Every structure is written in structure tokens, then in C-alpha cells.
Amino acid sequence: MFKIRCHLGNAKYLVSLPVWKRIKLRNRMSTVPPPVAAVCQMTSTPNKEANFSACKKLVEDAKKQGASMVFLPEGFDYIGSSREETLSLSESLTGDTISQYSQLARTLNVWLSLGGFHERGHEWETDRRIYNSHLIINNNGEIAAVYRKSHLFDVELPEKGVSLKESAFTIPGPSLVPPVQTPIGKVGLGICYDLRFPELSLVLQRHGAEILTYPSAFTVATGAAHWEVLLRARAVETQCFVLAAAQVGQHHDKRASYGHALAVDPWGEVLDDCGGEKPGMVLVEINLERVSSTRRNMPVQQHRRDTSFYHSLEKT
């Protein structure tokens, strides 16, 4: 049973129905119901086989509930307990892990967002460094896009008990990638810490993104303080849907994640929240008319000044 927030004309109401019943109801009202996205949260460990089993179950359940695209969080493949373990478990894009997910997408005829794969770098044999890579896999099992995380989480918050230095073993991605056309709309790709950089989301919106996605493994301290407000801000400023799959709970004795996988609409309203306790998913309809109407009624992008205006202070 899932609660799905629906928009019918100007009315909004919360429907507590199984998704298949809701879609059947929609079909009576419209010949083309909006596509459904599944936004998942899980608790990865260093056990790659167990993580795949958990993800496979989430994807299968999402497909049964009518999802055409499923979003999995950063570290869906594993979360290591040390630098050495993290590096030793990494793979290339042609390794067993991505092959398994490609087969899963093909078998279920579903698109996947795999947000935060530990990909061995191009100079792996000499430097033993990895990328944090976000893959989109289409329903034919093909890799449609690869975005490598560009902002790395090097943060020391002693008063919060947070100390992470992602750059110690991760290579920053060289560039953004264009939004990807998917069954739910054009999806712009980020990963976790990228959420804190509005320049990234605005560029993706200018290049056609209707949906932004930030698969994450936020710490408990930073998540409680900033997770929802940042996701809602990115939605408001770009007038996009924002979908954020998340890690939740205790991964091992050194690390835990905040959870609260969220779906946010272009007005900045939270459509659903997975909570902060256990794995699960939320299912949301992606009605792109909501993007169009929000942008039409408040034409922020038309009101934006040219780039030189925003750099004018740098000239003084």
C-alpha cells in the first residue's frame, strides 16, 4: 500500500490505494496516464551479493506496481568499511555487477538509475583510484548515460561526528552529461554532494531537464539538517521534479545513513518520503504538465538576466 499524491486539474488529494488500482482508475479518466517512477532506499553493506538481492527485490516490486523507471541510491553496489575494502570491491563498467543490472533491466523491461557505482578509474592499474558513477540503463539493458560525480565530499564536522574525505580514493568527474530522455521525461544526473551546488541543477535545467535526480548516502547529521530543504530548493529554482533515492540505516560499525528518499514536485512540494528507518520505496506519477504549468505560470527562466549581469560584480 502506497500513498500517492495526485493532481487532477486544480484539485489535490492523497490516494491510499495500491498503485495498480490507482492506475486502473486513471485509465478510465485518460487514455494516457502519466508514467510512474519508483524512488528507492536501501541499506547497503560490504556484501555485494546481498545488496544485489535487495535491489533486485525492490526493482521487481516496483515493476509489479507499474513503475517504468526505478531509482536506486548512491552505493547501491556496496558501502565498504575501509578505504582498502572500498577499492578492492570496485569494478569496471563491464564487470559482473553492471552486467547483472543490465540483465535485470532487460528481463523486466524497465529503466534503471544506478546512482553511485564504484567504477575503477581509467588508470586503475597504476593509481588505484575510482570514480563515483551514476549510470542510466535502458529497458534493453544498454548503458544510456554515465555521469561521474564532480563534487567530492571532503568534510570535517567534529561537533557532528562527521569525517569523510572522498577525494582520498575518488577521481572527480570531468564534466556534466546532457539530460537523458527516458520514459518518464528528460532526467538530469547528479550524485549526493552535487545537491549543494545550484549551478549544476540550473545548467541541467537550461539543457532541457524536466526531472533532476540526486541518488545519495547522506550522513545522519547532514541529512537531518539539510536533506529536505536542499531537495526542495533545487526543485523550486529549476521548476523540475526532483527524485532522490537514499541509503538508510547502519551499513557497518563505522557508518550510517539518513534515509528519507524523497520525491518533490516542480512547486517544491514533497510528494512522498520513505522515512528514516528501513528500506522501501515510494511510487510517484510524473505528470510533465506539472512542469509546463509551473514554468508557464511563474516564468522564472524568462526573467533570468544574461550571464554577464550575474558576473558584473566581478568586474568592479
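Visitor: Which residue in β17 does Leu262 stand opposite?
Guide: In this predicted model, Leu262 stands opposite Asp273 of β17. Leu262 falls within strand β16, residues 262-264, which pairs with β17 in the antiparallel sense over three bridges.

Visitor: In what order do the strands of that open sheet come?
Guide: The order is β10-β11-β12-β13-β16-β17, six strands with mixed pairing. At the edges stand β10 (180-182) and β17 (270-273); each has a single partner strand, so one side of each lacks a neighbour in the sheet. From one strand to the next, the twist averages 20°.

Visitor: Which helix packs on the sheet, and which strands does it touch?
Guide: Helix α7, residues 220-238, packs there and touches β12, β13, β16 and β17. The direction of α7 makes about 25° with that of β16.

Visitor: Turning to α2, how many residues does it have?
Guide: Helix α2 has 17 residues, numbered 48-64, and reaches 24 Å from its first C-alpha to its last.

Visitor: Which residues of α2 are buried?
Guide: They are Lys48, Asn51, Phe52, Cys55, Leu58, Val59 and Ala62.

Visitor: Why are they on the same side of α2?
Guide: Those residues cover an arc of only 125° around the axis, which puts them on the same side of the helix. Glu49 and Lys64, on the other side of α2, are exposed. Among the elements covering the buried residues are β3, α3 and β18.

Visitor: What caps the N-terminal end of α2?
Guide: Asn47 does: one of its side-chain oxygens lies 3.2 Å from the backbone nitrogen of Glu49.

Visitor: And which residue follows α2?
Guide: Gly66 follows α2, with a positive phi near 100°.

Conventions
Residues are numbered from 1 along each chain as its sequence is written. This is a predicted model: local features need pLDDT of at least 70, side-chain atom pairs count only at pLDDT 80 or more; totals for chains, interfaces and linings use all residues. Side-chain values use heavy atoms; hydrogens and water are left out. Two strands pair if DSSP finds at least two bridges between them. Helices (H or I, at least four residues) and strands (E, at least two) are DSSP runs, numbered from the N terminus. Axes are lines fitted to C-alpha atoms, for helices over the stretch in contact, and angles run from 0 to 180 degrees between N-to-C directions. Contact means heavy atoms within 4.5 Å. The expected span of a helix is 1.5 Å times one less than its number of residues. Buried means under 20% relative accessible area, exposed over 50%, partly exposed in between (1.4 Å probe, protein chains only). The arc is that of the directions from the helix axis to the C-beta atoms. A polar contact is a pair of N or O atoms within 3.5 Å; within protein, one must be able to donate a hydrogen and the other to accept it, and residues adjacent in sequence count only if both atoms are side-chain atoms.
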